[in-house]
Amino acid sequence: MRIAMGKKTMTLNLTEVEMSALEALCAKKDLSKTGLMRQALRLYQMIDTRTERGGKLYFEDDQTKEKSEIMML
Amino acid sequence: MTYSITADWALARAALDETSTPGAGPLSARPHVPDEAFWLRGEETRLAFARFVNMARRQRGWSIEKLADDADIEVGELMSIEQDAHHEPELRSIWRLSEVFDVSQARLMELAGLASPKDTHAIEEAVRYAARSTAITVLTPEEQAAFDGLVSVLRDKAK
Amino acid sequence: MTSYSVFILDASSRQPIEAELLDTIGERQLLDWQFHWRRTLEAYLRRLADKGVTRQSLDWPQSCHWDWRAKVDEVRGMLGHTGYSVICREVTQGMMRLDLASRMGRLDRQVGKPVVYVDYLEIAPWNWSEPYADPPLYRGIGQVLIRTAIQRSFDEGFQGRIGLHSLPQAVTFYENCGFTNLGTNPSEYRGLLPYFEITTDQARTFL
């Protein structure tokens, strides 16, 4: 798969399963493949920067309000 | 579609912010904003300052004239200090009063509203003490206790 | 850094004036905030205090604790955030910080779809229409910034969708703009800020 990122082009090698997942997400989010990968990168960087500063990322259960941590190394 | 905007567009949407100021985002309450806290309480602290000068003078059994004389301050200035919460005392007056009453000049300045408090907690305390007093010629035991508390805060140069 | 030609309005004459939209919040903007905005704000807050208006009162300006320098530092280097500012007559008149990645739509038809989210939006205190404030100098800055957020949303492939939490005193502004008010949520911003969102159609109308 080829992705154009601004002036840079990159080739990604994905498995069929990964590609399906990507396409499903694109359909759901109404984004192009480039758009989706861009979101993924932005989010990853956001999470990385904040956990580096000492924050923690959690899922919070809507009913029980219990938190489960997402480990980011 | 571009980010540039025409004059016509601006005119066409002129009324949108007529009665409501645009703004968005979570309010970030900061726990300690000394500059703001300082003049926020401008009137409160100045009343406390007035109360202090008044009580300190009466505790010594002095008239306004006598204090004015001893502190080398104009009578008018002293009267304004004691009676007019909107009056901004002169720097020199505060200095002289701090000398005569033997309290920290810095603290008295903060109370008088001429300086931003280094320790807002202490100033708040001073205000509380001052609030406990009422205007009678001789200090009652309660007033005396309140006054003693006020003085102890004003004398504290430790911070 | 790119600059675009925009127009805001002189509040008294109601005539359009040329202004600049920058796709960044730079040092110059932060200095304007630190000195010009803060000075006007302090004078205004002093006036409120003199009038007996307290922090709890509805008239108390709600953005007065914001530290724009901190808000910019927070997201420095992050791809998922960006900022815009509006300059007129060499002074910063308004600023806005956006989140391009982490927020999803809440309106029925667009639940889960990415939106451009306005983290913070503030216009200079001398442009406020608030009780006891001097009459505003300029108007239309909010409209410029919101239009910019919408434009950015189209550019990102989000079809013009934007979302934001409105300061209580700005609610009428967003309603005037045709946004949908989804109300407040007790578990969000202490239930104080109503959430607004727009659809693609509403976005196109605004543009």
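This is a predicted model: local features need pLDDT of at least 70, side-chain atom pairs count only at pLDDT 80 or more; totals for chains, interfaces and linings use all residues.
**Entry 1: where chain B meets chain C**

Chain B puts 29 residues into the contact, and chain C puts in 48 residues. Next I looked up which elements of chain B give two or more residues to that side: they are α1 (7–12), β1 (23–24) and α2 (34–40). I also sorted the residues on the chain B side by class, and got 16 nonpolar, nine polar and four charged.

**Entry 2: a strand pair across the two chains**

β1 of chain B turned up again here. Which strand of chain C does β1(B) pair with? I found strand β5 (residues 116–123) of chain C, paired with β1(B) in the antiparallel sense over two bridges. I picked out B:Gly23 and looked across: C:Glu122 in β5(C) stands opposite.

**Entry 3: two helices in chain B**

I moved on to helix α6 (residues 91–100) and helix α7 (residues 105–112), both in chain B. I noted the angle and the distance, because two packed helices are described by the angle between their axes and the distance between the axes. For this pair, the angle is about 130° and the axes are 9 Å apart. That angle is why α6(B) counts as oblique to α7(B). The crossing of the two, α6(B) and α7(B), is right-handed.

Then I checked who touches whom. From α6(B) come B:Ile94, B:Trp95, B:Leu97 and B:Ser98, and they meet B:Gln105, B:Leu108, B:Met109 and B:Ala112 of α7(B). By class, this contact of α6(B) with α7(B) has six nonpolar residues, two polar ones and no charged ones.

I stayed with α7(B) and looked for its buried residues: B:Arg107, B:Leu108, B:Glu110, B:Leu111 and B:Ala112. Just after α7(B), I came to B:Gly113, which has a positive phi of about 85°.

**Entry 4: positive phi without glycine**

I then looked at two positive phi values in residues other than glycine. In chain A, A:Lys65 has phi near 65°, and its place is the loop between β3 (57–60) and β4 (67–70). In chain C, C:Gln159 has phi near 55° and lies in the loop between α3 (141–156) and β7 (162–165).

Is A:Lys65 buried or exposed? I got 8 C-beta neighbours inside 10 Å for A:Lys65, so this residue counts as exposed. For C:Gln159 I got 20 C-beta neighbours inside 10 Å, so C:Gln159 counts as buried. The cut-off for buried is 20 or more, and C:Gln159 has 20.

Methods:
Residues are numbered from 1 along each chain as its sequence is written. Chains are lettered from A and ligands numbered from 1 in the order in which they are written. Two residues are in contact if their C-beta atoms, placed from the backbone, lie within 7 Å. Helices (H or I, at least four residues) and strands (E, at least two) are DSSP runs, numbered from the N terminus. Ala, Val, Leu, Ile, Met, Phe, Trp, Tyr, Cys and Pro count as nonpolar, Asp, Glu, Lys and Arg as charged, and the others, Gly among them, as polar. Two strands pair if DSSP finds at least two bridges between them. Axes are lines fitted to C-alpha atoms, for helices over the stretch in contact, and angles run from 0 to 180 degrees between N-to-C directions. Angles under 35 degrees count as roughly parallel, over 145 as roughly antiparallel, 65 to 115 as roughly perpendicular and the rest as oblique. A crossing is left-handed if the near helix is turned anticlockwise from the far one by less than a right angle, and right-handed if clockwise. A residue is buried if 20 or more other C-beta atoms lie within 10 Å of its own, exposed if 12 or fewer, and partly exposed in between; C-beta atoms are placed from the backbone.
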